[in-house]
Amino acid sequence: MRDAEREPFGNMRFRLEIEGLRETGAVEVIFPEARLTVGPRRSRVVQYGTLIIRRGVTRSQEWYEWWNRARTSKTSSKRTVGVVLMDERGASVHRWTFVDAEPRGYLLSSLNALGNAPLFETLELTVGGFEASFDSPAATRRKRK
């Protein structure tokens with residue numbers, strides 16, 4: 001195995017994809033915890049924490065509108081959310097897909113007339129589950145043959 005293949009990926013190159021939304025760029029993603037617990041009849045049950053996504057406020061209203069639909073509508077506003085980790089060349093290397101994601105919280109960072117920091121909006125999402133897929137260099141080489 002080459003040294004470059006053993007180096008861990010940085011956490012700054014990623015892409016956020018939200019089903020049905022076009023303006024999905026984010027500056028931070030905080031993954032939910034996934035814990036195995038014991039359910040009825042000693043069965044295993046997975047409990048998921050909150051997926052948190054954060055971005056700078058722009059003219060796009062898509063995140064707020066998604067939150068507002070979840071807040072005011074009786075119909076489901078669940079979507080699939082994908083987080084894609086990229087390598088230094090911008091190629092996708094890992095993907096986490098969260099199903100049945102639905103807004104549970106919407107937050108804005110504070111305004112400060114003496115400051116110079118960007119304004120951020122944050123969505124807190126419940127998730128119904130997730131899958132992870134990991135692209136390996138060996139698998140990529142095999143596919144090219």
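This is a predicted model: local features need pLDDT of at least 70, side-chain atom pairs count only at pLDDT 80 or more; totals for chains, interfaces and linings use all residues.

Q: Which residue does Arg55 pair with?
A: Arg55 forms a salt bridge with Glu121, at 2.8 Å from N to O. Arg55 lies in strand β5 and Glu121 in strand β8 (residues 120–126), so this pair ties together parts that are 66 residues apart in sequence. Helices (H or I, at least four residues) and strands (E, at least two) are DSSP runs, numbered from the N terminus.

Q: Are those two buried or exposed?
A: Arg55 is buried, with a relative accessible area of 5%, and Glu121 also counts as buried, at 3% relative accessibility. Buried means under 20% relative accessible area, exposed means over 50%, and partly exposed is in between (1.4 Å probe, protein chains only).

Q: And what does Arg54 pair with?
A: Arg54 forms a salt bridge with Glu28, and their closest N and O atoms are 2.2 Å apart. This pair links distant parts of the chain, with Arg54 in strand β5 (residues 51–56) and Glu28 in strand β2 (residues 28–30), 26 residues apart. Arg54 is partly exposed at 24% relative accessibility, and Glu28 is partly exposed with a relative accessible area of 31%.

Q: Changing topic, which residues of helix α2 are buried?
A: In helix α2 (residues 62–72) the buried residues are Glu62, Trp63, Trp66, Trp67 and Ala70. They cover an arc of only 140 degrees around the axis, so they are on the same side of α2; the arc is that of the directions from the helix axis to the C-beta atoms.

Q: What do they pack against?
A: The buried residues of α2 pack against β1 (14–18), β5, β6 (79–86), β7 (92–108) and β8. Contact here means heavy atoms within 4.5 Å.

Q: Which residues touch the most other members in the largest nonpolar core?
A: That core has 20 residues, of which Leu16, Ile18, Leu51, Ile53, Trp63, Val81 and Leu125 touch the most other members. The elements that give two or more residues to the core are β1, β5, α2, β6, β7 and β8, and the largest share, four residues, comes from β7. A nonpolar core is a set of buried Ala, Val, Leu, Ile, Met, Phe, Trp, Tyr and Cys residues joined through side-chain atoms within 4.5 Å.

Q: Where is His94, and what does it touch?
A: His94 is in strand β7 and is buried, with a relative accessible area of 16%. Leaving out residues up to four places away in sequence, His94 touches Phe9, Val83, Val84, Leu85, Ser133, Phe134 and Asp135.

Q: Last one: where is Ser73?
A: Ser73 is in the loop between α2 and β6, and it is partly exposed, with a relative accessible area of 32%.

Methods
Residues are numbered from 1 along each chain as its sequence is written. Side-chain values use heavy atoms; hydrogens and water are left out. A salt bridge is a side-chain nitrogen of Lys or Arg within 4 Å of a carboxyl oxygen of Asp or Glu.
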